[in-house]
Amino acid sequence: MIKSQATEKINQKKHQVMRIQNVSLSFGGLKALIDVSLEIYQKEILAIIGPNGAGKSCMLNIISGIYTPEEGTVIWKGKKREKVAPHNIAKMGIARTFQNIALFTGMTVLDNILTGRNLLMKRGLFYEAMFLGWARDQEIQHRKKVEKIIDFLEIQAVRKVPVSRLPYGIQKRVELGRALAAEPELLLLDEPMAGMNVEEKEDMCRFVLDVNEQFGTTIILIEHDMGVVMDISDRVAVLDYGRKIADGLPKDVRTDKKVIDAYLGVG
Amino acid sequence: MFLGGNTLSRNLELLDTFSKILRDNAAVFANKAAIREKEYGIWQTLSWNDFYNNAQILAYGFKKNGVKRGDKVAIVGDNRPKLYLTIAASQLLGAIPVPCYQDSAADEILYILDHAEIKIVVVENQEQVDKVLEVIDRLPKLNLIMYDDSRGLENYDNKSILPLSNILDSKDKVSSSWVDEEINKTSKNDIAIMLYTSGTTGRPKGVLLSYNNLISVAGKACEIEKFSVDDEVVAYLPMAWVGDNIFCVAQSYIAGFCVNCPESRDTLAIDLREIGPTYYFAPPMVWEAMLTQLMVRMQDAARVKLWFFNYFMKVAKNWGNAILDKKEVPIWGRLLYGLGYIFVYGPLKNNLGLTRVRIAYTAGEAMGPDTFLFYRSLGINLKSLYGQTEASVFVTLQNDGDVDPETVGPAFPGVDIKISDGEVLYKSSGVFKGYYKNDKATKDTVDSKGWVSTGDAGVIDSKGHLKIIDRAKDVGKLTSGKIFSPKYIENKLKFHGIIKEAVAFGDNKDFVTCFINIDLQAVGSWAERNNVAYSGYIDLAGQDEVYDLVEKAIYEVNRDLSKDGALSASQIKRFLILHKELDADDGELTRTNKVRRGTISERYGELVDAMYNKSKTCHITTEVVFEDGKKGDISADINIRDLEVHFSKEKAA
């Protein structure tokens, strides 16, 4: 007889990929982040939540290296990270999706995801233009990878459809596909479920979990849907007015008094 | 392509089981394509040789996992080469494959796995694994789950859940003498497959079909239609359905043609276009949906194109059928049709992926004559057949050049048909071996002389063609004593593109009423063009304008009925549009989309009562099951509308 339960996710030994130490950031007089520290562990799904204007997107931008903190340090894979040029961000192994969709709307799904492979194409302008030998092999390799992502995200039926003709939920999926194409170690998702209906949300949740499970990608997501956050994340960090007020397992955060106050207001 | 030499030369007396045919195919067709699957955007082909080799490896692996002669192997999933391989491997070992409907809910699967005493189940993917795991505690005999697609299953740390690739990629050397020995042990009266019929009433029954049943029928069909190794078929209908086992397994084995598995359900239209099958089967619903979609899209076409379309469709209507039937057609008729082919029919067929179709079938339900003739007028040789799981599909089949849309054609060669008490009975070499563990039902269905009751009421016309009227037990009487045939009325309603499903009531009542399900696509597009705003099915179904639209359709049906002496009393006096689409997940339809009358009149009892107590509206709350198995309620106030009926000739008397 077969056991009825598939066993729980095997507990990974915790290995830090990024440490953010006492980071602060302000825009003029507005203090977006105040003395925030956060550790990110390998292969975890970390959710960052908080009311509007709490500094969540700022936090993502710090992690991805778009913003450089005024105070504090960011340690990436054991080394202190200095200011990074935009084109080097993706090379670090960090990919992201955006709160509002940022795809090339006139291009097909396939081409959009292929753009995610851009950094991994290395054969030089001449060969690429002539589509000779190496360039050709390389194109085949990249196409293979992209096809695997298309299969993974179950968007085979729209492979050759321009993105602008697709419904919102599918566009979001394509955007995730493009981020995955870069084979990131760390994937940042800025409100991946915003504006979706229940079914689309459920699909997206499954994809996020599958990415984490199959590719072992570390995922940080910002999300407002508490059901989603509590269901899929391993750990939750809560920001309020630029400060981190809680950080822990979903079940602990849910009952944390400070968190409840931040969300419901202090009575 | 039309020679069919390969089918005629095969000695099916000697090749009397699928394993024997397969062994022969590996020698005769060797590197010709046996099965294709689109994966990662590319069609991947297995030749007959590869297919046979893989079947051997899999059979050996099954044997090592304890599968023995006579054991049953359940299969759950979409049409995938590895699942077809599972069928071949099980049969090679003398085990009996039991394919299940892939959409079945967990407890439906539970019933079959339990009833068939399954020890090993082979499934497509994680979805199906989870479904089986959900009910595993109630299946003490099941000891192995194997799967094809490993996605999402990597972390299932369970020794009894294994990928098929474990066996297929193993380096085990399978000795050919062992394989030959196993194959030679199979014989024509062994059970080839067990198929559970969905059944409009009660629990599904396991139909046992022997090699002889399937091979004799499929062989004859191959001969009639001249199938050869060059034909192509797309496998997209459930593997648990008997048709798939005839069209895509038995006939493919015998004729050697290639079976193509689509990439996913959503890509079917694209895959059809890429493959261009020469042999195509679809239930009426699919043909009708295709036509509806086409008409909806034509509404958005530029005026010139629409004019061309309308003009040449008229030409096709006038001459297309006669040309297809090779009848005499004036030269200008042929010329116009030829022009139409260049401008309209050719591109249209290409768009639908039907350019190369040589033989197309439909069966299962009645199909509107207009829809039927539409496809034939395009030059697609669409034919009706009448069949049953218990008959290994074929009971009747329309002949080329002699197609009447009102009938299902004459008896299939080797089949005897008779009508007894209005019910259709038949006898043939395809008649099943019995229901599994249900002798009583077998005896109720097959009489001592071998006649099988179909449960369908029908008549045989002057040309010897069978016409199916209704399920025999559904035919009832109005209180006036006039005959009432719900299916007949429902079919007439469903021939209107805007009506997707209908359920008629009238047995033991004063008059006839009906429930309507509108076709969301057709009515949605109509609403868009007529500035009717709506938010979803419930909203659209409740709108007065939509009621008007449906009323017009029913008015026409009533006019038709009024001309039909015996049925003029069956004109519909009241109707309502249901607030939800009838769904197999809610038990309202069978898995093959047939209406379950009992369930519906129970679930919607209040509505039926309201129809007969002069109410104008009725409030109803219905429990629905969502795709993920969760339950919820939807409720609505449903309007009931009265209709004027037509005077019939009888009424005057």
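## A three-stranded sheet in chain B

Let's start in chain B, where three strands form an open sheet in the order β8-β9-β18, paired in the antiparallel sense. At its edges are β8 (191-197) and β18 (434-435) of chain B, each of which pairs on one side only. Keep in mind as you look around that this is a predicted model.

The pairing of β8(B) with β9(B), which covers residues 205-210, is antiparallel and runs over six bridges. Which residue of β9(B) is the bridge partner of Ile191(B)? That partner is Ser210(B). As background, strands in a sheet pair through backbone hydrogen bonds, in either a parallel or an antiparallel way.

## A helix across the strands

Now look for helix α9 of chain B, residues 211-225. This helix lies across β8 and β9 of chain B, and runs at about 65° to β9(B).

## Two helices that cross in chain B

Staying in chain B, find helix α2 (residues 18-28) and helix α3 (residues 48-64). In general, a packed pair of helices is described by the angle and the distance between the two axes. Here the axes of α2(B) and α3(B) come within 8 Å and cross at roughly 140°. An angle over 145 degrees would count as roughly antiparallel, and α2(B) and α3(B) are therefore oblique to each other. The crossing in which α2(B) passes α3(B) is left-handed.

Which residues make this contact? From α2(B) come Leu22(B), Arg23(B), Asn25(B) and Ala26(B), while α3(B) brings Trp48(B), Asn49(B), Tyr52(B) and Ala55(B). Sorted by class, the contact of α2(B) with α3(B) has five nonpolar residues, two polar and one charged.

## Two domains in chain A

Let's move to chain A, where the domain assignment gives two parts: domain 1 (13-93 + 184-267) and domain 2 (102-183). Taken over C-alpha atoms, the centres of domain 1 and domain 2 of chain A are separated by 27 Å. Eleven residues from domain 1 of chain A and eleven residues from domain 2 of chain A take part in the contact.

What does the side of domain 1 of chain A that touches domain 2 of chain A look like by element? Two or more residues each come from α2 (86-91) and α7 (198-215) of chain A. The helix that gives the most to this side is α7(A), with four residues. By class, the residues on this side of domain 1 of chain A divide into eight nonpolar, one polar and two charged.

Definitions and conventions:
Residues are numbered from 1 along each chain as its sequence is written. Chains are lettered from A and ligands numbered from 1 in the order in which they are written. This is a predicted model: local features need pLDDT of at least 70, side-chain atom pairs count only at pLDDT 80 or more; totals for chains, interfaces and linings use all residues. Two strands pair if DSSP finds at least two bridges between them. Two residues are in contact if their C-beta atoms, placed from the backbone, lie within 7 Å. Axes are lines fitted to C-alpha atoms, for helices over the stretch in contact, and angles run from 0 to 180 degrees between N-to-C directions. Domain bounds come from an automatic or database domain assignment. Ala, Val, Leu, Ile, Met, Phe, Trp, Tyr, Cys and Pro count as nonpolar, Asp, Glu, Lys and Arg as charged, and the others, Gly among them, as polar. Angles under 35 degrees count as roughly parallel, over 145 as roughly antiparallel, 65 to 115 as roughly perpendicular and the rest as oblique. A crossing is left-handed if the near helix is turned anticlockwise from the far one by less than a right angle, and right-handed if clockwise.
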